[in-house]
Amino acid sequence: MAPETAKDQYFLGRDFDASVRLYGQHFLTTKRTKWLLHPKVQRLAERSGVKIADVATGNGIWASELAEQHPNANIVGLDISDRQYPPAWTCPENISFDLYNCLEPPPDKFVGTFDIIHIRFLAGGLRGIDNFAKVVQNVGSMLKPGGYLQWQDAMAPGWILVDKSLEIDDSKTELANFAEAFDRASGGLLKGSLNYKLDEIFETSGLFEKVETINPDLVPRLLRYETDFAIKVFGEISGQVRGMLNATGRMTAEKSQELDESERLFAEYLANGGLIVYKTAVVLGRKAE
Ligand SMILES: C[S@@+](CC[C@H](N)C(=O)[O-])C[C@H]1O[C@@H](n2cnc3c(N)ncnc32)[C@H](O)[C@@H]1O
């Protein structure tokens, strides 16, 4: 599926299947972190009338879950596309949705408005460090002084191959053969999207007085489910890349073979009992007073 507007660089879909991907991802992600908002932010989130924005909200599953946990909070889900928003009448009273492209400066109504801003899994819609830095500046300006930005995303190299050691060892997490083959065919989509250090981008923005990174532990009982999920996402990304290359006349015999080969290597890894999970981290920053 092509991006919906010229400014929309998101390469995954927004249909029902894509929405189911977001539910699966939400479930697995929050089982690992065990919270929606970092414990340091909980007390602030409990204050009556606290304003919270979920930027790049997708189908709003995180925002909806938070609305239930924090009935006194006023929550706004924002995205560049409203295609996945739930019907307004089905939403909890303390949640609303609006459109916003976070690569653009925010409208006045959002500037200095929010106590907490949450972003999750936006990396697929951004290309290059400059865009990550732009988002941090734009959403940073939406925070009140002393407010928090919590951003959880896939980190390079995207996926981790897991064995019984349960170590997150970066030398083992270099792009695996199948992802390398895929990346060549797609013109460096994975490396291009994930080659960023979010904590450094927070630090160099000059907006935050405290920045910390949380690396959620692996949970053995979830690994099989996370692997199923990674297979689903890999298939979806591969299909989108094939569609995009075909639609733009850029599919060559070589690229097609690279994609076939990446899928074959992936299937072989899994058939040998391989497990694979996303590498994610949460970066939390408190805006200077
Ligand atoms: C993988 S989904 C994540 C959805 C949600 N945050 C979650 O964790 O379930 C990425 C979302 O980012 C949105 N997105 C991509 N580029 C964006 C932009 N420039 N501004 C706002 N949203 C954007 C997409 O429309 C999509 O809904």
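The discussion below goes from the overall fold to one helix and then to the ligand.

Reply: This is a predicted model, in which local features need pLDDT of at least 70, side-chain atom pairs count only at pLDDT 80 or more, and totals for chains, interfaces and linings use all residues. Residues are numbered from 1 along each chain as its sequence is written.

Me: How many helices and strands has the chain?

Reply: Helices (H or I, at least four residues) and strands (E, at least two) are DSSP runs, numbered from the N terminus. The chain has 9 helices and 7 strands.

Me: Which residues of α8 are buried?

Reply: Helix α8 covers residues 223-247, and its buried residues are Glu226, Phe229, Ala230, Phe234, Gln240 and Val241. These pack against α1, β5 (143-162), α5 (177-185), α6 (189-194), α9 (253-271) and β7 (275-287), where contact requires C-beta atoms, placed from the backbone, within 7 Å. Gly249, with a positive phi near 70°, follows α8.

Me: Which residues are closest to the ligand?

Reply: A residue is near a molecule if its C-beta atom, placed from the backbone, lies within 6 Å of it. The ligand is surrounded by 20 residues, the closest being Ala56, Gly58, Ile80, Arg120 and Gly125. Two or more residues of the shell come from each of α1 (16-33) and α3 (61-69); α1 gives the most, with 3 residues.

Methods: Expected span 1.5 Å × (residues − 1). Buried ≥ 20, exposed ≤ 12 C-beta atoms within 10 Å, placed from the backbone. Contact = placed C-beta atoms within 7 Å.
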